[in-house]
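This report goes through selected local features of one protein model. The sequence and the structure are shown first.

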Amino acid sequence: MKKLYLFLLVNILISSVITVRYFLIPGALFTWDGCLFSFIAVLGHFFSVYLLFFVLSLPTLWMNKKLTNICLAFIFSLFQIILYIDTIVFQQYRFHINESVLSMVFSGQVVDFSAMTYILIFLLIFVFFAAEYLILYLLDKKFNLNNIRSKLLIIPTVFLVCCLVISHLIHMIAFYYAYSPIMVVKEYIPLYRPFTSKKIMGYFDKSGQRKVHIERDNKHASIYYPKRELLINPDKQATPNIVFIVLDSWRYDTFSPDISPNTYRFVQQNDGIIFNNHYSTGNATRTGIFGLFYGIPGTYWDSFLRNQIPSLFITTLQKENYNIGIFTSAKVSSPEFDRTVFSTIKNLRISSKKGLASSRDKQITDDWLNWYRSRDKSNPSFSFLFFDAPHGYDFPNDFEVKFKPVGDLNYMTLNNNTDPGPIFNRYKQSVYYDDYLLQKVYDELKQSGSLDNTLIIITGDHSQEMNDNKLGFWGHNGNYTDAQTKVPFIIVGAKDLQHMSDNINKFTSHEDVVPTIMRNYLHVENDISDYSTGYDLFSPILNRDWLLMSNYSSYAVRTKDNIYFVNRLGISHYFDAYNNEVNETPNYNLIHAAMNNMRYFFQTEQ
């Protein structure tokens, strides 16, 4: 037992040394406190990992000594080899090895190994196994384990336990206050899941200091966004008013004359362009809104949150002296858009007054009307109205009920046999109510005379499933089928939009919004690839075969017929468009292209 524990301590040291390679990638810069945190976090993390190895290795102690040494050397060397290979993967892609990466590598479609590569892999296996076996041999032959006092083992154990506990506490505090030099460390350590708790920190933070945003230059972030400094409107061309209208959980099939008549009529009367094959960048609010405002995949969320990097779209609006009004029904701090998308906006409206979603939606409509009427008309304006009623299936009790029968929503009783009709009626009723509120917005734009000079984007952050695929999925954040990711997407006004007509049936994404507006309305001269992975919707989309989507812990590569899904553990599944697993080989060239987009803004220009 004592020998195994000593062997564990030695391997913690070896793994910690190998882990240094993660922090030596190009562009990785750390403050002194970040370096100190990295030191204790790595030691504490590997102590917890190797405790699991210790338990799993206990049965080997009942074997004869030679067989025990062989088994232990094999188990621990295998882990060290995987860790070392992961450092190579991380240097290339800025994310850690997972089953999806392995499938892509060994598919034969993307990577071809040379004979020299196989030789090096064999040497790597041999060296690590020999080193581990030598350590065990020395422990048997050169050290008298009986003379090693237990107290001597307690000292490193107490130190490692302290590292584990302290690192999690420090990260909890750093996450709460968005202190990026500490938060960024999580990206570098494999399998590291440090503790966070807004509830605990809120208990100690009576004065609400979390609301105070600290200016940061992000010089320690290994993120290259944009790739080059933006050249914004050098000829001082006129810029239009811009309005984003977003309904939380808006299904693509509920934009219709029956369910959203006011919006449908407004779009028809003003020659709006309706996109028929548009998808969110995620099946959850966090990544759907992220993609809409950044024009890049939602997989960057964690890194941008840790470094509190704002949307270039928002900062460009600020540089162009836009009046900016952010009106969200739910809290803008959950998800943490106050620390990402809107982090540079002072006096940000954090939330509506407490109440049901329909009540809060009325509040943001009234607040927007008051703001819009009193805005500085000498400068253009940007408005973001984010409604929440469809997410909560909510509408006022005194509001006309058009869709009957209306059922109550109880997630505890939903199953694959639940009749979706009454629940869907409740959902449609909530969309119908928000559409009623939106008529006030459309009327104000017309009556104020600003409609002709206003670009309007109307969409959803993600969709909402009603067990469409008959697999027991309700709501969102569960899969990447149309029922949870395909949303209405309409553009109205401010320019001749007929040039977009070539794309109305093409694959389009929330990633396309920022580059389209930046290039055509804000007159950013840069190539789109400097700040986005999306497409300009004014130019014909000719070669888009896939879309990248994500949520809190997974991502998917979506094609017309299939979904390549990778869960939080890195395990991949290949589904058809209705989330049924298929026994086929994915096109790994598409997967590789998606992974290149996921690492694009982590790489310096060559």
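The model is predicted: local features need pLDDT of at least 70, side-chain atom pairs count only at pLDDT 80 or more, and totals for chains, interfaces and linings use all residues. Residues are numbered from 1 along each chain as its sequence is written, and side-chain values use heavy atoms, with hydrogens and water left out. Helices (H or I, at least four residues) and strands (E, at least two) are DSSP runs, numbered from the N terminus.

A cavity is a set of points on a 1 Å grid over the protein atoms alone where a 1.4 Å probe fits but cannot get out; lining residues have an atom within 4 Å of a point. Grid points are joined across faces, edges and corners, and the volume is the space filled by probe spheres set on the points. The count comes to 1 cavity of 30 Å³ or more, and the largest cavity has a volume of about 40 Å³. Its lining consists of L455, I457, F489, I491, M500, V513, T516, I517, Y521 and L537. Two or more lining residues come from each of β6 (454-460), β9 (489-492) and α17 (513-520), and α17 gives the largest share, 3 residues. The lining divides into 9 nonpolar, 1 polar and no charged residues. In this classing, Ala, Val, Leu, Ile, Met, Phe, Trp, Tyr, Cys and Pro are nonpolar, Asp, Glu, Lys and Arg are charged, and the others, Gly among them, are polar.

Helix α17 is largely enclosed by the rest of the structure, because 7 of its 8 residues are buried. Buried means under 20% relative accessible area, exposed over 50%, and partly exposed in between (1.4 Å probe, protein chains only). The buried residues of α17 are V513, V514, P515, T516, I517, M518 and N520. They pack against β1 (241-247), and also against α10 (285-294), α12 (312-319), β6, β9 and β10 (508-509). Contact here means heavy atoms within 4.5 Å.

## Helix pairs

Axes are lines fitted to C-alpha atoms, for helices over the stretch in contact, and angles run from 0 to 180 degrees between N-to-C directions. The two pairs are set out below.

| Helix pair | Axes | Angle |
|---|---|---|
| α1 (2-19) and α5 (115-141) | within 10 Å | roughly 145° |
| α9 (261-269) and α15 (420-447) | 7 Å apart | about 35° |

In the pair of α9 and α15, P261, N262, T263, R265, F266 and Q269 of α9 meet Y432, D435, Y436, L438, Q439, Y442 and K446 of α15. The residues of this contact divide into 6 nonpolar, 4 polar and 3 charged.

In the pair of α1 and α5, K3, L6, F7, V10, N11, I14 and I18 of α1 meet F128, E132, I135, L136, L139 and D140 of α5. That contact divides into 9 nonpolar, 1 polar and 3 charged residues.

## Backbone geometry

Most residues other than glycine have a negative phi, and most peptide bonds are trans. A cis peptide bond joins Y225 and P226, with omega about 0°; P226 lies in the loop between α8 and β1. Another cis peptide bond, also with omega about 0°, joins S334 and P335. P335 is in the loop between β4 (323-328) and α13 (357-374).

Y393, not a glycine, has a positive phi of about 50°. Y393 lies in the loop between α14 (389-392) and α15 and is buried, with a relative accessible area of 2%. N477 also has a positive phi, near 70°. N477 is in the loop between β8 (474-475) and α16 (482-485) and is partly exposed at 33% relative accessibility.

L230 lies in the loop between α8 (198-204) and β1. Is L230 buried or exposed? L230 is buried, because its relative accessible area is 15%. Leaving aside neighbours within four places in sequence, L230 is in contact with L312, T316, M518, V524, N526 and Y531.

D367 lies in helix α13 and is partly exposed, with a relative accessible area of 29%. Beyond its neighbours within four places in sequence, D367 is in contact with F327 and R349.

Methods: 1 Å grid on protein atoms, 1.4 Å probe; cavity = no way out; pocket = protein on both sides within 12 Å on 5 of 7 lines; lining within 4 Å.
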